[in-house]
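The points below are grouped by topic.

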Amino acid sequence: MIDYAHEPRTLVQDIAHWATERPAEPWLVERWSSHDREISWREGADLVNSAAAWLAQAVPEPGTRIGLLAPNCAHWVLADYAIMASGNVTVPIFTTMKPESVEYIAQFAGIDMLILGAAGNWEQVRDSLPADLRVVRLPGAQSLAGAVDWEELVSAGAGFAPPPSPDDKALATVVFTSGTTGLPKGVMHSLASLREAGGGVGHMSQTLPGHRFLSYLPLAHLGERIVVENHSLVYGGTIYFNESQQSFLTDLRNTRPNWMLGVPRIWEKLQQAVLAHVLSRDELEVARANGQLEAAGQKVRAFLGLEEINFILTSTAPTPAPLKAWYDELGIILYDGYG
């Protein structure tokens, strides 16, 4: 097995690598009620390169802080890597964040540009940002006077020379906490530290190229960013995106992930769905008594879309031992993660 985590590449070079090795294979997939979007590695690399070239022209001073306010989607990932590939710094902002926290982050980090998607809190926070802030509008974001559309940016950037390769050890992102317990705190990462963390997760769990991931926890949070976005990039995985809380189980089934990150509440809700629709506690007792747990587990895994799961990490809080035991019995192993 190739140890992709220790290949002498940067995250930006990982994109180019998979665009060469797996050009037509999917990198970013949205199977949503409003549209069906699939971006291949080759297409994704071209979009990142063009956007990075435009950003390098628009903010010629490397290290400029660029805010990213959007829900999880393909363009969140493309914008993130374009910012870092241009030698600038991504400052993610939660789509649930309150105006006072957004104002604090914008001032403290010194945000000079904002990349805006279909953020549910935009109307509440827009006046908390500088009035002269330059804005790039991602697909799906509301119309905004003076904003540059992503399509314009990519089209113009395709004609620019590519920016120099960013310093792997320089600041690449500042990830802020949600601010629910006081002022948000920012954590600084370089391209090297992001890759080291994401690659280490894949090395530990033996991730393979083409493994499927479901992104549903906020990408503005460092956990999802490392464990899904960066990890899958290092190993050439495909990211599917959850459209909404209401479509979570459908999106999980459509993804049939090989690798999944989940918080305890997710496993509780999925257990409730199984008990209501697939396997009651009484039926589990019967299956246990009759030596039919494997068949029961297959039925549950099919219902959840976990037939091909390779590794499940549960984190942010301890998963209750009885809940873990219930999943274990059905062949779904939850590994607790800390740190």
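Predicted model: local features only at pLDDT ≥ 70, side-chain atom pairs only at ≥ 80, totals over all residues.

**The cavity**
- The volume of the largest cavity is about 40 Å³, and a search of the whole structure finds one cavity of 30 Å³ or more.
- By residue class, the lining of the largest cavity divides into three nonpolar, two polar and three charged residues.

**Helix 9**
- Helix 9 spans residues 248–255, and its buried residues are Phe-248, Leu-249, Asp-251, Leu-252 and Thr-255.
- These buried residues line one face of the helix, because they fall within an arc of 160° when seen down the axis of helix 9.
- The partners against which the buried residues of helix 9 pack are strand 1 (26–31), strand 10 (212–215), strand 11 (238–241), strand 12 (259–262), helix 10 (264–277) and helix 12 (293–304).
- Just after helix 9, Arg-256 adopts a positive phi of about 45°.

**The largest pocket**
- The largest pocket holds about 850 Å³ of space, and helix 9 and helix 10 are the elements that give two or more residues to its lining.
- Of the 30 residues that line the largest pocket, Tyr-216, Leu-217, Asn-242, Ser-244 and Gln-245 lie nearest its centre.
- Helix 10 provides the largest share of this lining, five residues, while the lining of the largest pocket comprises 18 nonpolar, nine polar and three charged residues.

How values were computed:
Residues numbered from 1 in each chain as written. Heavy atoms only, no water. Buried < 20%, exposed > 50% of the residue type's maximum accessible area, 1.4 Å probe, protein only. Helix = DSSP H or I, 4+ residues; strand = E, 2+ residues; numbered from the N terminus. Arc of directions from axis to C-beta. Contact = heavy atoms within 4.5 Å. 1 Å grid on protein atoms, 1.4 Å probe; cavity = no way out; pocket = protein on both sides within 12 Å on 5 of 7 lines; lining within 4 Å. Points joined across faces, edges and corners; volume = space filled by probe spheres on them. Nonpolar A, V, L, I, M, F, W, Y, C, P; charged D, E, K, R; others polar.
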